[in-house]
Every structure is written in C-alpha cells, then in structure tokens.
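Trainee: I should like to learn how to read a structure such as this one, feature by feature. May we begin with the backbone?

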Amino acid sequence: MKNEASSSNSREESSVVDCGRRRSSCGYCKSSGRTSISHGLWSHSLTVNDYQDLLDRGWRRSGCFLYKPEMERTCCPSYTIRLKASDFVPSKEQRRVYRRMQRFSDGTLEEGKPVEHADDQNASKLTGSSVNHFVSSSGNEFSCSNKRENNAEEFIYHLSNQIDKAVHAYIESGEFPSGIQFPKAMVKLVSHAKRKLAVEGSEDLLYTSNIAFQIAATLRRTRSAERDGQQSLMSRHNAEEIDLCPKSIAEKLVFSSNQLGNISGLSIRACNGHINFYSTAKSASSDRDFPIVTLPGESGSGSQSSSAKKSSEHRQGQKRKLEIRLKRSSFDPEEYALYKRYQIKVHNDPPDRVTESSYKRFLVDTPLFFVSPSADGMVPPCGFGSFHQQYIIDGKLVAVGVVDVLPRCLSSKYLFWDPDYAFLSLGKYSALQEIGWVKENQAYCASLQYYYMGYYIHSCIKMRYKAAYYPSELLCPLHYQWVAFHIARPMLDKKKYVMLSDYASLPDGESSQSCNPESLMDLQHDENGLEDSNDVFMGEDEQMIEIESDSSDDELEPETSGLGSGATDNGDVTNVLVGLRGSRLRYKDLQRAFGPTERNYLEAQLRSYQRVVGVELSDRMVYSLG
C-alpha cells in the first residue's frame, strides 16, 4: 500500500510524502553495514510552513526525500543546529576569512595556486543572499602596518600548512590512525609583550601552535569511544601504542616538519606540547609589529627587497568583481559541471557516479511550493522556496550554495566550489554571507531570524565545525526544545545520544564550556580538516554532508513498531488527514471502508506517522493512500 502525506491548505498546494524507515550505510563514520537508521518520507509536494515545522522536529531534506535520524538506534546521532543571526559573534578566524576575500577582491592578495583538497574541503555548505554585487573599495594606498599584517597572515597560513603536512606524513606512515579526522593546525603570532619569555641564546619566539593538544584530545576521545564499543576507528594496535601526551606529539611533529625542509630565518622546536617558531637572528628593531622573515621560495639574500616588491605588485594588482546571485532552484549545465569537478577532485567520487540525474535528484529537485514576495512584511523580496546561490568572480562561477528560504529561517543544504579557489575558504565565507543575508532580510520579513546549518554530529569530528558559529543551539530530539551548544557540549562529550532538554535550564555558570566564540577554536580546526570542507572551519571551511538517496539502500521499510523519539502522543489517529482516490478525509470518516486486518495495519502506520511528524502536522498534511 502506498503511503503519502500532503498538507490540506489547498488542493493545489499540499505536502505529500511516503512514510517508512530508512536503513543505509553511514557517510559519516564509514561503518560497515547499514547502520544509519532514519525515518523517511518521500515528498511529492510540501508547503514552506510545513517544512519549517518539520525542520523544528529534526527533519531534513535531500531533494524530495525527507529524513529524520532514529536517534536511539542510528550509529551517528544527528542534532539539528541553528543560529540566531542577530546574535552572531564572529571569531577571529571567521573575520580573517572575510578579510581574505576583501583583499582578494582588492587585488592585494595573490590568487593562490590550487590548495590541497584537505585544506579547503569544508566548503560543502552554503550561501544565501539576494542579488548582491561586491566590488572592492578603492584602497590604492596601504599603510605600512597593513602591509606587515598581510605578509604575516600569509606566512602564518604557510606555517600552518607545514604542520598539517607533518600530521599527514605520520598518517601515511601509520603512526597516526587514518580512520579519524584530525583538526587542522593554526599558528598564531606571539605578541611583542610575550616574545621575550622563551629566549634561547639569541633566538626570539615569533609564532606558536597548540595543535598537539588538540590532536591528543582527538585521540583520547577516539580511544574512549572504542572502549565504550561505540566505534572502531583506531585499530587495537594503534590505540595501545600511540602516546597521547601533547609533549610527545609536538616533538614528533617538529621532527617531521624539519624533515620536510627548513624555513629560512626560522627554527622549529617543541616546548611542553607547543610547537614554537623562533627567529634565528636578532631583530634589528625590537618594536616591529611583525618580524621580517624569508617567505618560502624567496632567495635568502634578497628576501626583504623581494617581499617589498611583491607587496607593491599586490597593492596595484587588478581588482576583482565578486557577485552573489540568488536564483530559483533549476538545472544549470554550468552549475552541474562545477559540481562534478568538485565531487571528483574534493571528494574523490568516481566520475561515472556523478551523473546529471543524481545531481538533479540531490540538489535541484525540490518539493517546496514557491511563495512569491509580498510587501506586507511576511515574505522577503526573493520569496520563499528552494534556491541556488551563485558566487561569481569576474564572470566565472566559483561556488554554488543550495538553500531553502523559509518563514523563520534560511536553511543551508550544500555548497560546492571550484577547487582552484580553495585558498579563499569559500565554505566559511558562504556561511558568513548567509548569516548576513538573514540579518538583512529581517527588514522585509520579521519572522525570518535563524540560520539552520543542517545536522550537528558530535561523534563525527569533521562535522563539528558547525558549532563554531556562535552562539548556536541544538534541538532536543525528544521534546524539541532548543538548548545552547555550550551547555549541551559537555553532555555530548560523555555520550553520543543525550536528551538535551534535561539540561535546558542549566545555568551558564554550571557549564564547563566557556561562553565565547574563541572557546570553540578546536571546533573550527575540525572543520578545517575538511575544506577548509568549507575552509576554516565549514576550515577553514565545513563540508556540509547531506545523504543522497538514490540507491537501493534508500528504500523505505514500513513502520511497524513504536518510535522512541518524540513518542509523546496518545495514539489517537482519528483526525489524521488521509487522501484516497482524489478525496481527502479524516481517518475517522474513512475507517469503515477497510476490513479488520487492513484497518489494524493502516492504524499502526498512521500511529507511527503521527509520532514522527507530530499531531499538528498529521492533522494538517495529507497521508495519501494512492
């Protein structure tokens, strides 16, 4: 029997879905077998109000397929995560991503060579904005301090990559496990006030990184999870032999970094778990804001003049025009070509699997009815519905975000981008643009306040970057209350599946997680492990991983048992709206049409359906029997 649901607002606009349970292999933990378990709905049509309410009950869509993790049973519990745009506080790293794009537009940042995919993978997220044109302001003259800041930032980026290469070398050698996602390194400039605190002979401390502490924490969490029987990402051999002391890890990384090649003007040393970079010569001027060092690839003798020359070239470089265009979801050959290149180069998908039909099912097809804009303060200028946000630099399409604009939020679904532009951290940059878009459009639609980032999976390190957009909230999977992430995090550190509403009233002071964006720095590094999967964090950037339902694994099993999550209703299905042969009736007016056996089966289906979508939606949407 075919089961579908659709809203009863009107004959023309109604939400229609097939109901069942979905089992598939997990794209997050890569476990063997079909360990990812979720409730599924095939949606033939869906109003934006119904989908907004479904989001607030833990549902997401992939094309026309709606799914909601069965939290107690699935291998990777997934919590809906959102951010109130007006409360957003950007971190230093997120501000750095925005400045990098500004400098690139101004022509003061050289267009980098293609970065390793691991350095900019996290861009699997999205963007959102009406048609905007961003042309860099005319800053013909840069102050000396700006030149120093730009040079130092580029050099810090290089040092961070040097450490990441050392980590990768240990993964390839087998000393670090290959089955987990390590955070990306972030090197920081040591302030002048602290620069003389660690002097050895004539050397001055210039830069430092605490990546060894983050790697040690990642390995400890993985070992703990393995002991609890939750996952087996580390082999027993590796789990026992890896020294989890940050001091030992830092020494390993320093040794490997030195093997990869020296950086002219700097020496690298490990100090109590920190990786420190020292100048090998005394500074000519102790009050310099940033030390002058030889950038990689420059000759030692002419480093200073070469740097000045390069800075001068950047200052007068060609400006670039960045355009952000929001368009209704539809198939575009240019977008598909970019998507195919992204999937093959960044995610290593086999070319024969990145087909036009699978792309359409995943990112073009949508069940959402489009709602035209209005001047009554209820609908933004773009309208409500599904959209593709294009990022265009000097006429070239470099990224596309797939988003849904709904009555209370912009819901980001996926972002794909040109691998040649990974150095711009497009995943992170698109997230910042989407947050800004929500703020901007509150003037047209007062109810539009939130930015939804999909699912947050605490047990999947590469998905943690989403929480770096502060202050974010997670949805309780049982009572559908929103709980501040900094309150939920300590509980999730202990257990994968948590009734978050139990901690909703926990005072901030009782949380072990400090409440500020910089306290989430380790999460930003996790994101970087993907794009930069969108780059610094969503990097640098995140990778928004959505589950594409185009294989036999995605077939729905009938719901035959009670559902744990959200099973708080009384089981009365008499008011469920049912569609049959073109008619729409309440089940109480239809039940006599079925025999006892068929009625028992149907009522079991309706009870399961009502539990997963809620009583209100089951009374409003049409459950179609064909």
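Mentor: Let us begin with Arg581, whose place is in the loop between β21 (577-580) and β22 (583-586). The model is a predicted one.

Trainee: Where is Ser425 found, and is Ser425 buried or exposed?

Mentor: Ser425 is found in the loop between β14 and α10. Although Ser425 is not a glycine, its phi is positive, about 50°. Its relative accessibility is 0%, so Ser425 counts as buried.

Trainee: Is the peptide bond from Tyr470 to Pro471 cis or trans?

Mentor: That bond is cis, with omega near 0°. Pro471 is placed in the loop between β15 (450-456) and β16 (472-475).

Trainee: How should confidence be read, and what is the mean pLDDT of the protein?

Mentor: Where pLDDT is low, the predicted coordinates should not be read in detail. Here the mean pLDDT is 75, and 66% of the residues reach 70 or more. The pLDDT is below 50 over residues 196-202, a stretch with 10 contacts in the model beyond near neighbours in sequence. Residues 230-240 also have pLDDT below 50; for this stretch, the model shows 24 contacts beyond near neighbours in sequence.

Trainee: Which residues in α8 and α9 meet?

Mentor: From α8 come Glu335, Tyr336 and Tyr339; from α9 come Glu356, Tyr359, Phe362 and Leu363. By class, the residues of this contact divide into 5 nonpolar, no polar and 2 charged. An α-helix has 3.6 residues a turn, so residues three or four places apart point the same way.

Trainee: How many residues of helix α1 are buried?

Mentor: Of the 8 residues of α1 (residues 48-55), 6 are buried, so this helix is largely enclosed by the rest of the structure. The buried residues in α1 are Val48, Asp50, Tyr51, Gln52, Leu54 and Leu55.

Trainee: How many salt bridges does a search of the whole structure find?

Mentor: The search finds 19. One is formed by the side chains of Asp332 and Lys327, at 3.4 Å from N to O. Asp332 is buried, with a relative accessible area of 16%, whereas Lys327 is partly exposed, at 23%.

Trainee: Which parts of the chain does the pair of Arg341 and Asp420 link?

Mentor: Arg341 forms a salt bridge with Asp420, and their closest N and O atoms are 3.2 Å apart. This pair links distant parts of the chain, 79 residues apart: Arg341 is in helix α8, and Asp420 is in the loop between β14 (409-417) and α10 (426-441). Arg341 counts as partly exposed at 27% relative accessibility, and Asp420 is partly exposed with a relative accessible area of 25%.

Trainee: What do Asp418 and Lys396 tie together?

Mentor: Their side chains meet in a salt bridge of 3.3 Å, N to O. Asp418 lies in the loop between β14 and α10, and Lys396 in strand β13 (residues 396-405), so the pair ties together parts 22 residues apart in sequence. Asp418 counts as buried at 3% relative accessibility, while Lys396 is partly exposed at 37%. Elsewhere, salt bridges that share partners join Asp50, Asp53, Asp56, Arg408, Glu616 and Arg620 into one network.

Trainee: Finally, which residues does Tyr79 touch?

Mentor: Tyr79 is found in strand β5 (residues 79-84) and is buried, with a relative accessible area of 1%. Leaving out residues up to four places away in sequence, Tyr79 touches several residues, among them Met71, Tyr455, Leu474, Pro477, Tyr497 and Leu500. The C-alpha atoms of Tyr79 and Lys68 are separated by 9.7 Å, and these residues are 11 apart along the chain.

Methods:
Residues are numbered from 1 along each chain as its sequence is written. This is a predicted model: local features need pLDDT of at least 70, side-chain atom pairs count only at pLDDT 80 or more; totals for chains, interfaces and linings use all residues. Side-chain values use heavy atoms; hydrogens and water are left out. Contact means heavy atoms within 4.5 Å. Helices (H or I, at least four residues) and strands (E, at least two) are DSSP runs, numbered from the N terminus. Ala, Val, Leu, Ile, Met, Phe, Trp, Tyr, Cys and Pro count as nonpolar, Asp, Glu, Lys and Arg as charged, and the others, Gly among them, as polar. pLDDT is the predictor's confidence in each residue, from 0 to 100. Buried means under 20% relative accessible area, exposed over 50%, partly exposed in between (1.4 Å probe, protein chains only). A salt bridge is a side-chain nitrogen of Lys or Arg within 4 Å of a carboxyl oxygen of Asp or Glu.
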